[in-house]
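Biologist: Hey, can you walk me through this model? I'm new to reading structures.

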Amino acid sequence: MIKTLKSNISRSIIGLIASCALLPPVAAHKYFFGLTDVSWNAHTGNIEVVHQYTLHDVELAIGRFYDEPFRIDQPDADQRVKEWIRARFVMKDTSGRALNLDWVGLEADFQNLWIYQEKSHTKTDFCDWKITNRVMLSTYPAQVNTVNVKSDELTRGVTLNEQRDTKEINCGE
């Protein structure tokens with residue numbers, strides 16, 4: 001009986017070790033998704049932009065952008081993220097002028113990164129504006145970026161990917 005118990009414990013320990021060895025591939029995600037919210041804030045008179053991405057994906061993408069390792073806790077992280085996002089996310093108004101979004105900052109937890117931008121602007125419904133979002137696409141070709149725009153009158157969204165990284169906000173019914 002003791003021999004059987006030792007054998008069962010040994011098999012359980014070996015099974016647990018084997019299971020743990022398989023965890024990293026199982027835990028790694030196989031989807032790449034970003035979310036950006038754009039809205040006009042009547043209280044501040046600003047267009048506000050909030051991007052959300054998976055932190056470790058961003059760290060890898062920015063590391064490739066600068067051709068050196070990148071971590072969000074390094075001293076120049078804000079500046080690097082700022083340059084990286086500006087090179088990949090563009091909003092053009094109805095006259096085709098690109099908005100030069102001001103940097104507000106970023107926040108990160110163990111899993112996600114939020115990037116904040118804004119621009120002083122008159123009230124807008126974002127109709128016929130063009131959005132380009134190439135964030136993460138050069139690192140993860142399967143990346144899907146959803147951009148939601150919200151005004152008092154309506155909320156619209158566009159989905160962007162490697163095949164189509166720019167779309168116009170269509171407000172027609």
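Biologist: Let's start with Q117: why does Q117 count as buried or exposed?

Modeller: Q117 counts as buried because its relative accessibility is 3%. Buried means under 20% relative accessible area, exposed is over 50%, and partly exposed lies in between, with a 1.4 Å probe and protein chains only. Before we go on: this is a predicted model, where local features need pLDDT of at least 70, side-chain atom pairs count only at pLDDT 80 or more, and totals for chains, interfaces and linings use all residues. Residues are numbered from 1 along each chain as its sequence is written, and side-chain values use heavy atoms, with hydrogens and water left out.

Biologist: Got it. Where is the place of Q117?

Modeller: Q117 is in strand 5, residues 112-120. Strands (E, at least two residues) and helices (H or I, at least four) are DSSP runs, numbered from the N terminus.

Biologist: And what joins the side chains of Q117 and H51?

Modeller: A polar contact of 2.7 Å. That term is for a pair of N or O atoms within 3.5 Å; within protein, one must be able to donate a hydrogen and the other to accept it, and residues adjacent in sequence count only if both atoms are side-chain atoms.

Biologist: Which residues does F89 touch, leaving out those up to four places away in sequence?

Modeller: Q117 is one of them, and others include V38, V49, H51 and L101. Contact here means heavy atoms within 4.5 Å.

Biologist: New topic: which residues of the largest nonpolar core touch the most other members?

Modeller: V38, I47, W84, F89 and M91, out of 37 residues in that core. A nonpolar core is a set of buried Ala, Val, Leu, Ile, Met, Phe, Trp, Tyr and Cys residues joined through side-chain atoms within 4.5 Å. Among the elements that give two or more residues to this core are strand 1 (33-41), strand 2 (46-54) and helix 3 (77-86).

Biologist: Helix 3, then. Which of its residues are buried?

Modeller: In helix 3, A77, R80, V81, W84 and I85 are buried. They sit on the same side of helix 3 because they cover an arc of only 125° around the axis, taken from the directions from the helix axis to the C-beta atoms.

Biologist: What about strands 1 and 2, do they run parallel or antiparallel?

Modeller: Antiparallel, with seven bridges joining them; two strands pair if DSSP finds at least two bridges between them. W40 stands opposite I47 in strand 2.

Biologist: How many helices and strands are in the chain?

Modeller: Three helices and nine strands.
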